[in-house]
Amino acid sequence: MMNIVIGAAVLFLVFRGIIAYFNHDSGCCGSCAGCKSACSMRK
Amino acid sequence: MNVETGAAPGEEIQRARIKNIKDKKFTIALVGNPNCGKTTLFNLMTKSREYVGNWPGVTVEKKVAKLVGNDNVAVVDLPGVYSLSPYTPDERVTHDYIENENPDLVLNIIDTSLLERSLVLTHAIASHGVPMVCALNMADIARRNGIEVDTRYLESVFNCPFVQISAAKEVGIDVLLDTIAHQLVERRPSKSVLPEDAPMDDVRKAVAEIAGKSAVIDDVDNFSDRLDRIVTDKWLAIPIFFAVSWLIYFLSIQVVGEITSGWAERAVEALGTLITNSFAAMGVSEMLTSLVVDGILGGAGSVIIFVPQLFVLFVLLSILEDCGYMSRVAFVMDRIFRVFGLSGKSFIPMVVGTGCSVPGIMASRTIENKKDRLMTVVLVPFMPCSAKLPVIALFAGLMFSGHSWVAPSFYLMGVASVILGGVILKHTGFFKQEPAPFVLELSQYHLPTVKNVWESSWQRTKEFIKKVTTIILAASAVIWFLQYFTPSLQVADSAEYSMLGYIGKFVAPIFAPLGFGNWQSAVSILTGFAARENVAASINILFGSEAAIRAAFTQVSAYAFCAFVLLSSPCMGAVAAMKKEIGSMKNTLLAMCFQTGFAYIIALVIYQAGRFIF
């Protein structure tokens, strides 16, 4: 049971990181100064 | 409207007035010369946390936010311009916005100490007849320097209100907001003494006359002038810059590193032991425990321990940026860069790039000359960004304990590589041309505000922590997976026979002449292409212990390794930014090949020469 809970938590964190990475690469991680500028330009 | 007293009587009523504009939606455009304090005022009016720096060209894109207390009023921060004729890409953003978007009001921010030059832009806006409010910023500094401005005279000339403020000290803001509220309702069109298409010589003559009549200037030899005579001195400027750079990196990487790295490492180790014991008690599988402890904690955890060092570095850099020293460095660098065919304007994006290459690459938009701009885009990633610092700090601590010159030397190596890379690029047919003239106003030195320094440092640190706890964490788990299993998905007897082991052994011979031909180093460099922080994380995961790292590197090969990580093609995020600025994928790939080839040669020279000497 604990294996499933911890495994799911790790998977969640990994997918969260992967999504953050691809958001960053598409120009909008929404956190760094460069991305903020890129976001405002796209808007 | 007195800058000394700040708010006028009835402050609450005045503040309430702008809050009560609810009939329709309004847009206020913030316009002004570069480095007049627009972003500081924008942050104040909107409670935003945009990056502020005491040099021109910090804002290269428009930024939009709602006015505090009134969602009906949008405030647009535009890049700094000297006139409304579009010249550079960032100037075009401002020009097009004023021409095409018809803002309800232009808030024209003027550096009071540079009144005459600022009035050229004031004339350009006023000749469009758009309702305007002029904020005479840094009025307190101007007054200290013996400049008194007759705002009533200026109001009569341009038919718009002039308010004296100090955005950095938050003085006069209530009066300004009240004046803006009046203007939004009244919509009094501004006017100029000359038509829009008047020749520039006539405009300059007219504004010189207006400035002469409106400002009384006592010729005071102020502190900034005296200090500038030293820090921009022909002989002293460069040694001072080197000393300041050395001090900053020495304090943050070496001194703070020695204080914090011990307990931070012990904290991560203790957490690892706690998780291992807890998981064992809960019956969690060995593989999952290894993933969490050796993979995630060993990777992301080994990078997060550098946060104190990075925070101190960001604080020190912010102080230098905010006080105005960095614009002097750009001025000094122009003299050196020009010898090698570069413009000092290229240095400003490089200063921005010490935080992250992405905004550094974007800051190159302030450069008018296209070839200089493209060259700057290619050279900015040579500077040590925050993601490269964990690698430098890791090796400085492990291999060069007690050698205080190591960490600062990489900053200087970045600057030297920019010069050398620029010389090489200038000799290729495409970039060969005279550097553009560099015009830079040296604004007055001022004491950095705690708020600005904190905002800037904390934002950068927060971005680093966020990246490590998301992207680097995921990458650490992937690296663990690839070094735990064989290509046939069996648990590997040793990491050497894992998927990563095979990839690493295939690539490693390329790096053998540079002194780090082991598969772990090769894989670490490859993972660094996704994000540079991965290099430190991979080194820790793949070697597994400090002793193993020390055994795999000599001091010379460790230094060559750091040099290669510093100078080789940047991470994917920066490459995406490079492509955006360069325009074509083919040229972006060429730029990446140049950067990586350059890094290879430098690392090769360091290792081979170092091996010969030591």
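Me: Let's begin with B:Lys467: is this residue buried or exposed?
Reply: Buried means under 20% relative accessible area, exposed means over 50%, and partly exposed is in between, with a 1.4 Å probe and protein chains only. B:Lys467 has a relative accessible area of 18%, so it counts as buried.

Me: Before we go on, what kind of model is this, and how are things labelled?
Reply: It's a predicted model, where local features need pLDDT of at least 70 and side-chain atom pairs count only at pLDDT 80 or more, while totals for chains, interfaces and linings use all residues. Side-chain values use heavy atoms, with hydrogens and water left out, residues are numbered from 1 along each chain as its sequence is written, and chains are lettered from A and ligands numbered from 1 in the order in which they are written.

Me: Which residue forms a salt bridge with B:Lys467?
Reply: A salt bridge here is a side-chain nitrogen of Lys or Arg within 4 Å of a carboxyl oxygen of Asp or Glu. For B:Lys467, the closest N and O atoms of the pair are 3.4 Å apart, and the partner is B:Glu533.

Me: How many residues apart are B:Glu533 and B:Lys467?
Reply: Helices are DSSP runs (H or I, at least four residues), as strands are (E, at least two), numbered from the N terminus. B:Glu533 is in helix 22 (residues 533–543) of chain B and B:Lys467 in helix 19 (residues 450–484) of chain B, so distant parts of the chain are linked, 66 residues apart.

Me: Where does the pair B:Asp372 and B:Lys426 sit?
Reply: These two form a salt bridge, with the closest N and O atoms 3.4 Å apart. The pair ties together parts that are 54 residues apart in sequence, because B:Asp372 lies in helix 16 (residues 370–379) of chain B and B:Lys426 in helix 18 (residues 406–426) of chain B.

Me: What is the N to O distance between B:Glu546 and B:Arg550?
Reply: Both residues lie in helix 23 (residues 546–552) of chain B, four residues apart, about one turn of the helix. B:Glu546 is partly exposed at 34% relative accessibility, and B:Arg550 is partly exposed at 41%. Their side chains meet in a salt bridge at 3.9 Å.

Me: Which helix gives the largest share of the lining of the second largest pocket?
Reply: On a 1 Å grid over the protein atoms alone, a pocket is an open set of points where a 1.4 Å probe fits, with protein on both sides within 12 Å along at least five of seven lines, and lining residues have an atom within 4 Å of a point. This pocket is lined by 34 residues, with B:Glu546 among those nearest its centre. Nine of the lining residues come from helix 10 of chain B.

Me: How far apart in space are B:Arg188 and B:Met132?
Reply: B:Arg188 is in the loop between helix 7 (173–186) and helix 8 (200–214) of chain B. This residue is partly exposed, with a relative accessible area of 26%. In sequence the two are 56 residues apart, but C-alpha to C-alpha they are 7.9 Å apart.

Me: Last one: how many helices does chain A have?
Reply: Buried residues make up 44% of the 43 residues in chain A. Chain A has zero strands, and its helices number two.
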